[in-house]
Amino acid sequence: MPRTFFAGLRKKDGKMKKQSFLKGAATIAVGGFIAKLIGALYRIPLTNIIGGYGMGLYQMVYPFYCLLLTVSATGIPSSIAKMVAEKHARGISSQSLLKSSFVLFLSIGALGTLLMMALSPLLSRAQDCPEVKNGYLALAPSVLLVSAISVFRGWFQGENNMFPTALSEVTEQVVKVGFGLLFAYLFRSDVEKAVTYILLSVSVSEACALALMAFLFRRVPEPFSGLKKGDRVSMKSVLRLSIPVTLSAALLPLSSLLDSVIIVRLLKRYTEDAVALYGLFSGGAVTIINLPVSVCYGIAAASVPAVSASSASESVGGKNGARRRMVYALLVTLAVSVPCAAGLFLLASPAVRVIFRALSAEETATLVKLVKVFSVSAVTLSCTQTLSACLTGMGKPKFAALSMGIAVAFKTALNFLLVSRPQISVFGAAIAADVCYLVAFALDLMYNLFVTRRKKGREAALSAPASPKEE
């Protein structure tokens, strides 16, 4: 890309130009949607080439990989974005923060990569599938690479520049699809070897995305100029913020893992189709509902630096803007998610028939009902995602983790209560999930309002004229 493009990102004083909230949110939303669309379309030719057995091997490696990514990368972008935005609101350079973050998270990512390599024989034996051992080894470098990518993404997001994040997400998918289909075709006669190389294509795609992020960063003219040199940032301060964010993000995949055990066992008490019913819920309804949620992720990502900068400005005497930013982010999320949820409810039948053509008439009817019951979660989960990001921006990520923990406890209890009843069956899982996200949304909203109201009251008290002392 021409250097003039990046020069245009900076003002005359050397500071990077800020994207508007909506522009930043839209940039990540569009990039994320394109990336997910490419990833979804990728599975169609891939399945045709390597078949169901090959796809089974491919999917077996991912649960442990996703768990490692949750630990090593999930909390990085939002926590770094918050700290960068706060520093720049005070006119302080984020150079020391960036260096400390790289040292910390590259170390964590390297440990994750080594752990995945070391456990590959044990994991493959535990799955009773020694064929996937090489797949674990091929995918392991991605853990380290994604950690490094996440640090860059967090820095750019803290600068209110969402374009690198969106571009890197699309790059990941394009490279993965290109190399994945190439390897699948070249080794189509040996499915196990093909799967190993397909998983290697994921590591190649992350390496390309990291190279792109490093290139974009180097092309930003003097990224730390025009700012005061800040104090050295301790790794402890970075971890203090990122750990609660990571914990909050990890609760949902861990909850899904728990659901896969509880729901199936409860369904098996009265039906032989327990696995199929759970598949319709987790692989069908959840997948469809997550589409509008993924689009709203851009709003959450843009909320962190926006709220962080407002909070930092307040702390140095600026006007109260964190509450206004939070309310605005929530309204934008509602404006996007509510029509999507309504569309899913009203168009559930044609959507299911188009996307899942291979289902039987009975399975289709079940999935349509699941989507309708679950459609409300497109709103509540999207709003929870945004409000959790606002809490991170305010420096209160622990409450987001606490509220999600309480919500997951509600869901687990309701799964036992509802799914165990044959007359409710798997629809109880959708109802339990709806309640889960509603509880998390309500708790996050109340706490967001409480935090911003308390800040506003403290600011009013400080600005009020002092009363004369009594004689």
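Helix axes are lines fitted to C-alpha atoms over the stretch in contact, and the angle between two of them runs from 0 to 180 degrees between N-to-C directions. In this predicted model, helix 15 (residues 377-393) and helix 16 (residues 397-419) pack at an angle of about 150°. Their axes lie 7 Å apart. Helix 15 contributes Thr384, Ser388, Leu391 and Thr392 to the contact. From helix 16 come Pro397, Phe399, Ala400 and Met404. Sorted by class, the contact of helix 15 with helix 16 holds five nonpolar and three polar residues. Charged residues are absent from it.

The largest nonpolar core has 58 residues. Those with the most contacts inside this core are Ile263, Leu267, Phe281, Ala285, Leu370, Val371 and Phe374. Helix 11 (residues 274-315) supplies the largest share of the core, 14 residues. Ala285 shows some of these links. Neighbours within four places in sequence aside, Ala285 is in contact with Leu280, Leu367, Leu370, Val371 and Phe374.

Asp259 is located in helix 10 (residues 235-267). Its relative accessible area is 6%. The cut-off for buried is under 20%, so Asp259 counts as buried. Again leaving aside neighbours within four places in sequence, Asp259 is in contact with Val264, Tyr278, Lys411 and Asn415.

Technical notes
Residues numbered from 1 in each chain as written. Predicted model: local features only at pLDDT ≥ 70, side-chain atom pairs only at ≥ 80, totals over all residues. Heavy atoms only, no water. Core = buried A, V, L, I, M, F, W, Y, C linked by side-chain atoms within 4.5 Å. Buried < 20%, exposed > 50% of the residue type's maximum accessible area, 1.4 Å probe, protein only. Helix = DSSP H or I, 4+ residues; strand = E, 2+ residues; numbered from the N terminus. Contact = heavy atoms within 4.5 Å. Nonpolar A, V, L, I, M, F, W, Y, C, P; charged D, E, K, R; others polar.
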